[in-house]
Amino acid sequence: MSGADDGSRRATSDGGDEVEPTVDPDLEPEAETGPPKVISAGHINWDVTIHVDELPERDGETRIERLEQSGGGSAANVAVGVVGLGGQSVVFGSVGGDESGALALRELASAGVDPGHVLVDADAPTSVTYVIVDGNGELLMLANDGANESFSAGDLDRDTLADADHLHLTGQAPETAAALATTAAEVGPTRSFDPGRRVTDRGYDAALHAADLIFVNDREADALAAATDIDPRAPENRVVAVKHGGDGATVHTPHGDVSHPGFDVDAVDTAGAGDAFAAGFLGAALREPEIAADGFTHDPREYQVPLLVANACGAIAAGTVTARADLSWDRVRSIMGESPEADLLIEIRA
């Protein structure tokens, strides 16, 4: 992945430099050391997705246009996405000892994910999420906790963690996330965290501070800035990818930012789009030694391809009926079309 030519910089009002993007046209990274191995830790659900023309008013009724069942949960969605982009995935979490749990594990295994470290809690039901999607792709979600936080950090041995290239954390018990991140920092894998909508009300400070890379949307970024000492849009010692929904995303680093407005798609279901974004970002970034060989680089120019791939994967998920998107390099290239780098904006800060 090549950086931009410094000779093309233009001065900006805040003293930074804007840089013309330079992107290798072969967007699929070449891994010299083989596909990255990612442990994705967090929720594993069974999803029931219900499509309606419009959400009913209180005491109202609406017709179900389509109903789908599939595996879900952020950790599981990211694990499947990483495999689709050529990586190796281990999923770590918990399900109940019921039919929904068996279905979730079977679907993960059939997708090429290693579910061998999933705890089966025979005394709790698998978490089932009901996702109701209207004709504009907007959604509401109904969920039970079930068994999806029955696991603890002690259920994953250190050797398994040390054998991985990267640990990706999603929503889970704060003490579990903190312990996993701390152990990963000791044994070697780089670390990312996508805490989700409860970013500031679950006591995730320790896990956030142990992460090399954080994924949040705009609302979550505002909450994080207001409630913690982490400024997502001007981070001091980590990288933060802020998702803007249909308007793309920005990668913020201590040395500057890179932004892209995203790709136009007809959204049918935005559930799982953030998980697909994370899978795409990791699937591209972890194959590049310049980015992830020693933590995550703070040079924003290195995140051009991961950002493009992540936005393309988010767009694929938004156009998919369920939260479980079928990601592949062919689909990523198809979404990108010609010269996707033309809309990149890179700003370097001294």
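Colleague: How are helices H9 and H10 oriented to each other in this predicted model?
Modeller: The axes of H9 and H10, the latter covering residues 329–336, come within 9 Å and cross at roughly 95 degrees. Angles of 65 to 115 degrees count as roughly perpendicular. H9 and H10 are therefore roughly perpendicular to each other.

Colleague: How do the residues of the contact of H9 with H10 divide by class?
Modeller: H9 contributes Leu 308, Val 309, Ala 312, Cys 313, Ala 315 and Ile 316. From H10 come Trp 329, Arg 331, Val 332, Ile 335 and Met 336. By class, the contact of H9 with H10 has 10 nonpolar, no polar and 1 charged.

Colleague: Which residues does Val 332 touch, not counting those up to four places away in sequence?
Modeller: Val 332 is one of the H10 residues that make the contact with H9. Beyond its sequence neighbours up to four places away, Val 332 touches Leu 85, Val 309, Ala 312, Cys 313 and Ile 316.

Colleague: Is H7 roughly parallel or roughly antiparallel to H9?
Modeller: H7 and H9 pack at an angle of about 150 degrees, with their axes 7 Å apart. Because angles over 145 degrees count as roughly antiparallel, H7 is, relative to H9, roughly antiparallel.

Colleague: Is the crossing of H7 and H9 left-handed or right-handed, and what classes of residue make the contact?
Modeller: The crossing of H7 and H9 is right-handed. Contact residues of H7 include Phe 277, Gly 280 and Phe 281, and those of H9 include Val 309, Ala 310 and Cys 313. By class, the contact of H7 with H9 comprises 13 nonpolar, 3 polar and no charged residues.

Colleague: How are H1 and H7 oriented to each other?
Modeller: The axes of H1 (residues 74–84) and H7 (residues 273–285) come within 8 Å and cross at roughly 40 degrees. The crossing of H1 and H7 is right-handed. In the contact, H1 supplies Ser 74, Asn 77, Val 78, Gly 81 and Val 82, while H7 supplies Asp 275, Ala 278 and Ala 279. H1 and H7 are therefore, to each other, oblique.

Colleague: Which residues is Gly 274 in contact with, leaving aside neighbours within four places in sequence?
Modeller: Gly 274 is found in helix H7 and is partly exposed, with a relative accessible area of 23%. Its C-alpha atom is separated by 9.0 Å from that of Ala 310, 36 residues apart along the chain. Leaving aside neighbours within four places, Gly 274 is in contact with Asp 194 and Lys 243.

Colleague: Is Asp 59 buried or exposed?
Modeller: Asp 59 lies in the loop between strand E4 (45–52) and strand E5 (64–72). Although not a glycine, Asp 59 has a positive phi of about 65 degrees. Exposed means over 50% relative accessible area; at 79% relative accessibility, Asp 59 therefore counts as exposed.

How values were computed: Residues are numbered from 1 along each chain as its sequence is written. This is a predicted model: local features need pLDDT of at least 70, side-chain atom pairs count only at pLDDT 80 or more; totals for chains, interfaces and linings use all residues. Side-chain values use heavy atoms; hydrogens and water are left out. Contact means heavy atoms within 4.5 Å. Axes are lines fitted to C-alpha atoms, for helices over the stretch in contact, and angles run from 0 to 180 degrees between N-to-C directions. Helices (H or I, at least four residues) and strands (E, at least two) are DSSP runs, numbered from the N terminus. Angles under 35 degrees count as roughly parallel, over 145 as roughly antiparallel, 65 to 115 as roughly perpendicular and the rest as oblique. A crossing is left-handed if the near helix is turned anticlockwise from the far one by less than a right angle, and right-handed if clockwise. Buried means under 20% relative accessible area, exposed over 50%, partly exposed in between (1.4 Å probe, protein chains only). Ala, Val, Leu, Ile, Met, Phe, Trp, Tyr, Cys and Pro count as nonpolar, Asp, Glu, Lys and Arg as charged, and the others, Gly among them, as polar.
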